[in-house]
Amino acid sequence: SSSKPAGAKALVGYGLYDGADFSLQVPKDWETISDAKFRSDMPKGTVVAFRNNVRDVRFTANIAVIKNNLTEAISSLDYAKALQKKVSNDLGAYKEYSADKTKINIAGKEEDSLYLYFEGRESADSDVKRFMQFSGVNGKTAYIVTGAFLWSEGVGMEKKLDTAVKSFLVK
């Protein structure tokens, strides 16, 4: 598409997922899951997901992109702060590792947002997972990209998801 930033190409070991209104770098050997193949437990508003090709019986590392329509425009930073509060309330065994104020590219402009790194469990009987989350708002549309993995997958998986989630941009 012509809205792609000049020179946008895949990083080594990654493939560029170039959607209609956002893009991100995805680990090369991961499966892309379109909405037609979503399971019933996918969060509302998910537009695309990516899953590690190495399956784990407990949990398979993944990245999901969610698009939410808002009733009013809000800054990317304020939206990220609201998300931070929501996940801290929604997840059991919640522990925040970092909430770094950083820039996200929204329609060619750099805007403040938060890059969140935390752990928690979705239900009492689920494993504690680690999450990396980045979000941005363009007009009245919010985008959330979340990477999730089990810590037992190690620092290699942590770095892989960190690179992918931080590469997210809104066109």
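Let's start at a strand pairing. Asn105 stands opposite Leu169 in β10. Those two residues belong to a parallel pairing: β6 and strand β10, residues 169-170, are joined over two bridges. Strands count as paired if DSSP finds at least two bridges between them. Helices (H or I, at least four residues) and strands (E, at least two) are DSSP runs, numbered from the N terminus.

A word on the source. This is a predicted model, where local features need pLDDT of at least 70 and side-chain atom pairs count only at pLDDT 80 or more, while totals for chains, interfaces and linings use all residues. Residues are numbered from 1 along each chain as its sequence is written, and side-chain values use heavy atoms, with hydrogens and water left out.

Back to the strands. β10 also pairs with β2, this time in the antiparallel sense, over two bridges.

Now β6, residues 92-106. It runs antiparallel to β7, and 12 bridges join them. Ile106 stands opposite Lys109 in β7. The two strands form a hairpin with two residues between them. In that turn, Ala107 has a positive phi of about 50 degrees.

Next, β2. How many of its residues are buried? Six of the six, so β2 is largely enclosed by the rest of the structure. Buried means under 20% relative accessible area, exposed means over 50%, and partly exposed is in between, with a 1.4 Å probe and protein chains only. Both faces of β2 are covered. Phe22, Leu24 and Val26 are buried on one side. Ser23, Gln25 and Pro27 are buried on the other.

β2 has another partner, β1. Five bridges join these antiparallel strands, and a hairpin connects β1 to β2 through three residues. Tyr17 has Leu24 as its bridge partner in β2.

That brings us to the rings. The structure holds 10 aromatic pairs. Rings of Phe, Tyr and Trp (its six-membered ring) pair if their centres lie within 6.5 Å; planes under 30 degrees apart count as stacked, over 60 as edge-to-face and the rest as tilted.

One of the pairs is Tyr17 with Phe50, edge-to-face, at 5.1 Å centre to centre and 70 degrees between the planes. This pair links distant parts of the chain: Tyr17 sits in strand β1 (residues 14-18), Phe50 in strand β4 (residues 46-51), 33 residues apart. Tyr17 is partly exposed, at 25% relative accessible area. Phe50 is buried, at 1%.

Another pair is Tyr115 with Phe134, also edge-to-face. Tyr115 lies in strand β7 (residues 109-121) and Phe134 in strand β8 (residues 129-138), so the pair ties together parts that are 19 residues apart in sequence. Tyr115 is buried at 4%. Phe134 is buried at 2%.

Ring pairs also build a cluster of Tyr17, Phe22, Phe50, Tyr143 and Phe168.

Charges meet rings too. The charged end of Arg130 sits over the ring of Trp151, 3.9 Å from its centre. Lys129 lies over the face of Phe59, at 4.7 Å from the ring centre. The criterion is NZ of Lys or CZ of Arg within 6 Å of the ring centre and within 35 degrees of the ring normal.

Now the cores. A nonpolar core is a set of buried Ala, Val, Leu, Ile, Met, Phe, Trp, Tyr and Cys residues joined through side-chain atoms within 4.5 Å. The largest has 25 residues. Which of them have the most contacts inside it? Leu24, Trp30, Ile63, Val145 and Phe168. The largest share of this core, four residues, comes from α2.

Take Ile63. Beyond its neighbours within four places in sequence, its contacts (heavy atoms within 4.5 Å) include Leu24, Trp30, Phe50, Val145 and Leu161. A second, separate core has 11 residues, among them Leu77, Val87, Ala148 and Leu150.

Last stop, Gly136 in strand β8. Gly136 is buried, at 0% relative accessibility. Among the residues it touches, beyond four places away in sequence, are Ser76, Ile104, Ile106 and Tyr143. Gly136 and Lys67 are 69 residues apart in sequence and 9.9 Å apart in space, C-alpha to C-alpha.
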